[in-house]
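This briefing goes through the nonpolar cores, a helix and its packing, a surface patch and some backbone details of one model.

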Amino acid sequence: GKQETLGIEYANFVQPTIDIAGETYQVKLVIVDNETDTAKCPSVAQSLVSAGCSVVLGAYGSALCIASGPTFEAAGIPCIGISCTNPQVTLGNSYYFRICFLDTFQGKVLADYAYETLKARNIYCLAELGDDYSVGLVNYFMEEFKALGGNIVANETYPVGNSDYTSYIANAAKLKADCFFAPINIEPAALLIEQSNAQGLAMPLLAGDTWDSNVIAEAAKGTNLNIAFSTFFYSEVNDTTKQFTEGFKKWLKDNPDKLTANGGN
């Protein structure tokens, strides 16, 4: 979530005030860390309520948003998700909103890409056990892919904290999959990429928006892997996105502590 927070901090740097009805207000950020732990989300969310926040941005990770949502709803504080793509985040919660696409849409786009562009007919799927995002996206993907006429050779999950993906990679190859679909989070994804390269994985690796990270780019550097992922922001779309990207990079370079938080990259 550090990179998402950096984007918010940069936005606050660009526009630190807002004018409403002729009065200027200072926008103050209160940043808290849920430590990517759903059990800690309610108390961390309550700390923002106690701090008197008028609106909440985040959190990074659909499961964390789902765990935090009831607290903000009870307090009547609107929350805007930036990258939480699971439909359950906003479903039934009139105080939770999002600016990104849904996994129902992302799953269809990925299934279409796998079937039409990669010409894959047999897909191996891997998700993190209990993770609303990866399990949900895999399910939406499988539904769409099978509707196109494709086949799912396996739908497996790995336990939280797992660091060895060699058995899953070997199983995908053994089942003669045409593509390895793994919309998992950044740290396990980096390990999966490294171990796939070490084992000479021949099939493409396909994932969702969590792979849109410089950590993934670094892990893939120097490999011969074919990697593709979907995401909702692309820096070369228009002048607005280009301006944001250039400004953000300059802001990182001008603030060593922020650059460090971005992995020094």
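In this predicted model, A59 sits in the loop that runs between strand 3 and helix 3 (62–75). The peptide bond between G58 and A59 is cis, with omega at about -5°. The points below cover the rest by topic.

**Nonpolar cores**
- The largest nonpolar core has 25 residues, and those touching the most other members are Y124, L126, F180, L192, L205 and W211.
- Two or more residues of this core come from each of strand 6, strand 7 (151–158), helix 6 (166–174), helix 7 (186–198), strand 9 (205–207) and helix 8 (214–220).
- Helix 7 provides the largest share of the core, five residues.
- Leaving out residues up to four places away in sequence, Y124 touches a set that includes V153, Y168, L175, F180 and F181.
- In soluble globular proteins, nonpolar side chains tend to be buried together.

**C125**
- C125 belongs to strand 6 (residues 122–128).
- With a relative accessible area of 0%, C125 falls under the 20% cut-off and is therefore buried.
- Beyond its neighbours within four places in sequence, C125 contacts V138, F141, M142, I152, A154, N155, E156 and F181.
- G247 is 122 residues from C125 along the chain, and their C-alpha atoms are 38 Å apart.

**Helix 1**
- Helix 1 (residues 2–14) has 13 residues, which should span 18 Å at 1.5 Å a residue; the C-alpha atoms at its ends are 18 Å apart, so the two values agree.
- Its buried residues are E4, L6, I8, E9, Y10 and N12.
- These buried residues of helix 1 pack against strand 3 (56–57), helix 9 (239–254) and helix 10 (256–261).

**Surface patch**
- A nonpolar patch on the surface is formed by I18, I20, Y25, V27, L29 and I31, which together have about 480 Å² of accessible area.
- L29 lies in the loop between strand 2 (23–26) and helix 2 (41–50).
- L29 is partly exposed because its relative accessible area is 32%, between the 20% and 50% cut-offs.

**Positive phi angles**
- T36, which is not a glycine, has a positive phi of about 50°.
- T36 is in the loop between strand 2 and helix 2, and is exposed at a relative accessible area of 67%.
- K119 is also a residue other than glycine with a positive phi, near 60°.
- The loop between helix 4 (103–117) and strand 6 holds K119, which is exposed at a relative accessible area of 54%.

Notes:
Residues numbered from 1 in each chain as written. Predicted model: local features only at pLDDT ≥ 70, side-chain atom pairs only at ≥ 80, totals over all residues. Heavy atoms only, no water. Patch = residues over 30% accessible without salt bridge, like charges linked within 9 Å, V, L, I, M, F, W, Y side chains within 5 Å. Areas by Shrake-Rupley, 256 points an atom, 1.4 Å probe, with all protein chains shown as cover. Salt bridge = Lys/Arg side-chain N within 4 Å of Asp/Glu carboxyl O. Helix = DSSP H or I, 4+ residues; strand = E, 2+ residues; numbered from the N terminus. Buried < 20%, exposed > 50% of the residue type's maximum accessible area, 1.4 Å probe, protein only. Expected span 1.5 Å × (residues − 1). Contact = heavy atoms within 4.5 Å. Core = buried A, V, L, I, M, F, W, Y, C linked by side-chain atoms within 4.5 Å.
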